[in-house]
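The sequence and structure are shown first.

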Amino acid sequence: MRADRSRLAQGGSPRIGYAVMSELDEQIQNRREKRQRLVDAGIPPYPHRFEWDLEPSGIKAQHGEKPAEDLEQAGLKLRVPGRVRSIRQHGKSVFVDIHDGREKLQLFIRKDRVPENAALILENLDLGDVLGASGQLIR
């Protein structure tokens with residue numbers, strides 16, 4: 001008990017018969033569990049290739065100034081790669097911000113319109129993950 005008191009006095013945490021898991025250890029374990037859920041469902045967590053059309057910075061450069069009506073009328077379908085910067089759930093919708101190192105692009109995802117395997121990927125998505133998305137460009 002004396003060792004635990006001195007650990008507490010130095011800002012440490014007490015040991016009570018079990019290993020204390022650090023926040024980083026918890027994050028690593030959480031990510032491993034998410035990866036395993038994808039593997040168990042037959043979804044490769046690290047696919048070898050994703051064919052893409054434009055990065056977020058290219059989309060902004062080519063279509064950033066176009067009004068919503070023009071984008072909707074064009075019906076432009078794109079495949080975009082990026083690193084996940086934020087994930088926000090709002091009822092039946094999810095907003096995912098992806099970044100290419102220069103620009104951000106917000107993905108708007110309707111949960112009821114994604115295939116089952118994409119829904120599983122969405123459920124197990126983490127900040128910092130690299131992903132590829134496809135869909136219609138809207139404002």
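The model is predicted. Its secondary structure consists of five helices and four strands, arranged along the sequence as α-α-α-α-β-β-β-α-β. Of contacts between residues at least 6 apart in sequence, 61% join residues at least 24 apart. Totals for the chain are listed here.

| Property of the chain | Value |
|---|---|
| Buried residues | 26% of 139 residues |
| Accessible surface | about 10500 Å² |
| Share of that surface from carbon and sulfur atoms | 50% |

Strands S2 and S3 run antiparallel and are joined by seven bridges. Ser-93 stands opposite Arg-110 in S3. The two strands form a hairpin with four residues between them, and Gly-101 in the turn has a positive phi of about 100 degrees.

S3 has two faces: Leu-105, Leu-107 and Ile-109 make up the covered one, while Lys-104, Gln-106, Phe-108 and Arg-110 make up the uncovered one. Phe-108 has a relative accessible area of 36% and is therefore partly exposed, given that this class lies between 20% and 50%.

How many aromatic pairs are there? The count is one. The ring centres of Phe-95 and Phe-108 are 5.3 Å apart, and their planes stand at 35 degrees, so the pair is tilted. Because Phe-95 lies in S2 (residues 93-99) and Phe-108 in S3 (residues 104-110), the pair ties together parts that are 13 residues apart in sequence.

Technical notes
Residues numbered from 1 in each chain as written. Predicted model: local features only at pLDDT ≥ 70, side-chain atom pairs only at ≥ 80, totals over all residues. Heavy atoms only, no water. Buried < 20%, exposed > 50% of the residue type's maximum accessible area, 1.4 Å probe, protein only. Contact = heavy atoms within 4.5 Å. Areas by Shrake-Rupley, 256 points an atom, 1.4 Å probe, with all protein chains shown as cover. Phe/Tyr/Trp six-rings, centres within 6.5 Å; stacked < 30°, edge-to-face > 60°. Pairing = 2+ DSSP bridges.
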